[in-house]
Amino acid sequence: MADITVENDAEAAAILAGLESRSLVLVGMMGVGKSSVGRRLAGRLGIPFVDADSEIEKAAGMSIADIFARHGEPDFRSGEARVIARLLQGGPQVLATGGGAFMNPSTRNAVRAKGISIWLKAELDVLLRRISKRRNERPLLQGGDPEETLRGLLAEREPTYGLADLTVQSRDVSHEAVVADIMTALVAFLGASRGGAGA
């Protein structure tokens, strides 16, 4: 089967036209698949993929776990906000953010000004299955009961995630199926924000 290219993909072309210089910013909990889905979405649209956590590690010269351990969460969040604000200057792109990034009001405002935010939402059981494989890489899950920690984080963060422009369910299907859901939601959103095609 031939690869899908932007040239023969009317859905991608419509999204790119509506996106202009804005970024598609993926938000949501750890384990929802922001990086995996984001890479595929960027490939489908033919635009760069950027992972904010990787850029933070590059800027700091250490892992996120080490930043948390040495400097604490407030310092990490401050650096995260600066890096995301800088990255948002580089659209169009797909930008995956860390789970807590969207909780920062200045980051939300920057995303609103320079991007379209997409909440990848997953149920607790799905998140638990996914993060169990990489628990050591998740600073907020060190010590204590991961399920209780995640449940608390979901309760705290979901109302803020709900402020995103779009919500797409991340579930146990292929990443390509989630990308297809995002594309459909984006076409509808961009059409509505332009007053609807032919309206």
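Two strands count as a pair if DSSP finds at least two bridges between them. Keep that in mind for these close-ups of a predicted model.

**View 1. Strands E2 and E3 lie paired in the sheet.** Three bridges link E2 to strand E3 (residues 93-96), and the pairing runs in the parallel sense.

**View 2. Five strands make up an open sheet.** Read across it and you get the order E2-E3-E1-E4-E5, with parallel pairing. At the edges sit strand E2 (49-51) and strand E5 (166-169), each pairing on one side only. From one strand to the next, the twist averages 25°.

**View 3. Helix H2 packs on the sheet.** This helix covers residues 34-45 and touches strand E1 (23-27), E2, E3 and strand E4 (115-121). Compare the directions of H2 and E2: they make an angle of about 160°.

**View 4. Helices H7 and H8 pack together.** How do we describe two packed helices? We give the angle between their axes and the distance between the axes. Here helix H7 (residues 124-131) and helix H8 (residues 146-161) pack at about 130°, with their axes 11 Å apart. That angle is why H7 counts as oblique to H8. The crossing of H7 past H8 is right-handed.

**View 5. Here are the residues where H7 meets H8.** On the H7 side, look for Leu124, Leu127, Leu128 and Ile131; they meet Pro146, Glu147, Leu150, Arg151 and Leu154 in H8. Sorted by class, this contact has seven nonpolar and two charged residues, and no polar ones.

How values were computed
Residues numbered from 1 in each chain as written. Predicted model: local features only at pLDDT ≥ 70, side-chain atom pairs only at ≥ 80, totals over all residues. Heavy atoms only, no water. Helix = DSSP H or I, 4+ residues; strand = E, 2+ residues; numbered from the N terminus. Axes fitted to C-alpha atoms, helices over the stretch in contact; angles between N-to-C directions. Contact = heavy atoms within 4.5 Å. Parallel < 35°, antiparallel > 145°, perpendicular 65-115°, else oblique. Left-handed = near helix turned anticlockwise from the far one by under 90°. Nonpolar A, V, L, I, M, F, W, Y, C, P; charged D, E, K, R; others polar.
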